[in-house]
Amino acid sequence: MNIDITASETLRDELDELNNQFETGYAQDVLHWASETFGKRLAIVTSFQPTGIVTLHQMSEIAPDTTVLTLDTGLLFPETYALIDELEARLNLNLVRVKPRLTVDEQAARHGDALWETSPDHCCHLRKVVPLGDALVGYHAWISGLRRDQSPQRANTPIVSWDSRYHRVKLAPFATWTEDMIWAYIHVHNLPYNELHDRGYPSIGCFPCTSAVAQASYSRDGRWNGHNKIECGIHLAS
Ligand code: SF4
């Protein structure tokens, strides 16, 4: 099936039909379809969390030249930067490290120190939401690492959908996978992962907003503790 992202009146029907087809299919088939349909207009967006690592491994065999976008907020853990370097080299990734328009110091000068404490939504907007919009210019579709078991808010994640924030096709090929399936894949393929997971961090984002937790209920636990916030914003409708 060819997808014309400018034909808005038929696009949603086509995506619904595809979603039904993919629901009982394999993630690899979704990745193949995305690569064949969008070619160089397809980007993987990842923060190098476990699902992203599986995505990168599979895509390195399906379409190794696919652009990989990662949001380098300037506030990532040293362990995360080390993992990015390791996977970039091992999988020969076509990686773009997307930077915010403002450095951390420029942001502090303009919006105040530790904006992540005073207004984390504004901070995420400046350091993640806007930069991803900038980076997606020229792409028609992007692959995320969303899974339905990550949080109640992600429980209805479609495998393919129209992204009303960035106005592109958005894919979540591993939406139906469980945490256990992801980790089994990583271990079977002997893939590196962020060592912070072994120190009690279920989910890993920027260091000011990420905590270890004693007993995680969901793999998104430990993010933005103390704030009424569960998503950075790139996965929310505009
Ligand atoms: S996760 Fe925290 S530090 Fe990172 S962009 Fe969002 S609010 Fe800022």
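Helices (H or I, at least four residues) and strands (E, at least two) are DSSP runs, numbered from the N terminus. This is a predicted model, in which local features need pLDDT of at least 70 and side-chain atom pairs count only at pLDDT 80 or more, while totals for chains, interfaces and linings use all residues. Residues are numbered from 1 along each chain as its sequence is written.

**Two residues**

L196 lies in the segment after α8 (179-188). A residue is buried if 20 or more other C-beta atoms, placed from the backbone, lie within 10 Å of its own, exposed if 12 or fewer, and partly exposed in between. L196 counts as buried because it has 20 C-beta neighbours inside 10 Å. Leaving aside residues up to four places away in sequence, L196 touches F77, E79, Y201 and I204, where contact means that the C-beta atoms of two residues, placed from the backbone, lie within 7 Å. D29, by contrast, has its place in helix α2 (residues 27-38), and D29 is exposed, with 12 other C-beta atoms within 10 Å.

Each of these residues has a partner elsewhere along the chain, as the table sets out.

| Pair | Separation in sequence | C-alpha to C-alpha distance |
|---|---|---|
| L196 and F77 | 119 residues | 9.1 Å |
| D29 and P173 | 144 residues | 8.6 Å |

**Helix packing**

Two packed helices are described by the angle between their axes and the distance between the axes. Axes are lines fitted to C-alpha atoms, for helices over the stretch in contact, and angles run from 0 to 180 degrees between N-to-C directions. Helix α3 (residues 50-62) packs with α8 at an angle of about 50°, their axes being 9 Å apart. The two helices α3 and α8 are therefore oblique to each other, given that angles under 35 degrees count as roughly parallel, over 145 as roughly antiparallel, 65 to 115 as roughly perpendicular and the rest as oblique. In this contact, P50, T51, I53 and V54 of α3 meet I182, W183, Y185 and I186 of α8.

Between α2 and α3 the packing angle is about 55°, with the axes 10 Å apart, and these helices, too, are therefore oblique to each other. Their contact is made by Q28, L31, H32 and S35 of α2 together with Q58, M59 and I62 of α3.

**Around the ligand**

The largest share of the shell around the ligand, 5 residues, comes from helix α7 (residues 120-135).
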